[in-house]
Structure formats: C-alpha cells, structure tokens
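Work through the two exercises below with the sequence and the 3D model in view, and follow each solution step by step.

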Amino acid sequence: MCCGSLTAKGKVWAIISILAAGAAGTCFYWPDWINGPAQPALGRNVTFEYGLFRRCNYIERRVVNETREVAELRNACGRYESFDDIPSVWWQVCTILVGVAAGLLILVALTALFAVFLEDVCSKVLAYVAGLTQLLAALSLTVSLFLYPLGWDKDIIRAEACGDSGRYKLGQCQLGVAFYIAIGASVIAFLAAFMSPFARKRKGSETYMI
C-alpha cells in the first residue's frame, strides 16, 4: 500500500489534477468574473462584481406597498434568489457547464489522490477514462469562457456598472480574477488530460497504445 499505482509522471499528473479541480471549483463559486465601478447615476462609490450564479454589491428592489418599490444597495456577496434570476441565459448555461466541469475534475482529483498511495487503483482503462473526463471538463470550461461575454449586454449590468457594455464589449467593466482562474483551470485540465495515459505503472511487458 505504500508504493501506490502511479509512476513519477503519474504523481505529477495527480498534482496537476488537484490544481485543476481547485481552480475550477474556485472560479465556479467566486463572484468576480467581471467587475466595475458603480455608474454615476447611482451616486455610490462601490465596485460591482459579477460571477456565474453569485454577485457582490448589488441593487435589491424591495416592495414597500402595492404602489411603491424601493431600490437598496446591498454591500454583500450572495447568490441570486433563483436560477431564473441569473440575468443572462448565457450565464445560466455557463453555471451548468462550469459546475459540471468542476464536479468532474474534483472526482478525477480524488481518484488520483487515492492512486498516489494505493496499489491497483489506477488501471489502464481508468487512466484513459480519467483523461477523457478531464478533456470533457476542459472543453466545458473553454466553451464557458466564450459564452460568458454574451451576457454583458444585459440592462441591469449596464445600469449598475458596465455602462455601454455589450456582447464581447466590457464597457466600464473589466475582467475579474475568477475569469483568469477559469482560463488557468482550462489550460491545466487540458494538460492533465494529455498526461493521464502515462500516469499508471506498467506491469511486465505491457505497453501503452495511444
């Protein structure tokens, strides 16, 4: 049980797999894919941050009575009240894609972690399945990076922070840390998928077919 079922390259693959899972989980939850200062009309000196299903410093509309509605600024981070409240359908799609990608990468990372310490965990078939899973996750993350800007034209985002933003046009906003982490997660996942066939220890005269 002490020697594990991974080669030296396999242990590097395990580390990369864990990094990919951590990065994907972080960008999924962190509400800073884009951010920007409040529009002058709001009269507030705050920075709005938007993620996939969460945001920071947002306008909350509260119904006072049947004829009056009050808009209040919430200096806090939180998720939208429901999935349908996510302002863009493209952001809803990205939430699903990134969430699935993060889940798949975490599953592979846990398997890789067990394979570091336990023998016969990583079989030839499992190594290829893990690689294909990581490839699928990497593609999901990459697609999300291209779909997310399609939601930059929403009125609420433009009114709060981004001004004259549009599809693939940030306006007064800028890319946030989580967006760059998503890029990193995608690249690392592709690298992990490439390395997975070389992860396991061969037995006897067994060779790899790639």
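**Exercise 1.** Decide whether Cys-56 is buried or exposed, and describe the disulfide that Cys-56 forms.

*Solution.* Begin with the cut-offs: buried means under 20% relative accessible area, exposed over 50%, and partly exposed in between (1.4 Å probe, protein chains only). Cys-56 has 4% relative accessibility and therefore counts as buried, whereas Cys-77, at 44%, counts as partly exposed. Next, look at the sulfur atoms: a disulfide (a pair of cysteine sulfur atoms within 2.5 Å) joins Cys-56 to Cys-77, with an S to S distance of 1.8 Å. This pair links distant parts of the chain, since Cys-56 lies in strand S3 (residues 54-65) and Cys-77 in strand S4 (residues 68-79), 21 residues apart. Strands (E, at least two residues) and helices (H or I, at least four) are DSSP runs, numbered from the N terminus. Finally, the angle about the S-S bond is 105°, and the link of Cys-56 and Cys-77 is right-handed.

The model is predicted, so local features need pLDDT of at least 70 and side-chain atom pairs pLDDT 80 or more, while totals for chains, interfaces and linings use all residues. Residues are numbered from 1 along each chain as its sequence is written, and side-chain values use heavy atoms, without hydrogens and water.

**Exercise 2.** Find the handedness of the disulfide of Cys-162 and Cys-173.

*Solution.* The sulfur atoms of Cys-162 and Cys-173 are 1.9 Å apart and form a disulfide. The torsion about their S-S bond is about -90°, so this disulfide is left-handed. Cys-162 belongs to helix H4 (residues 155-162), and Cys-173 to the loop between H4 and strand S5 (174-175). Both Cys-162 and Cys-173 are buried.
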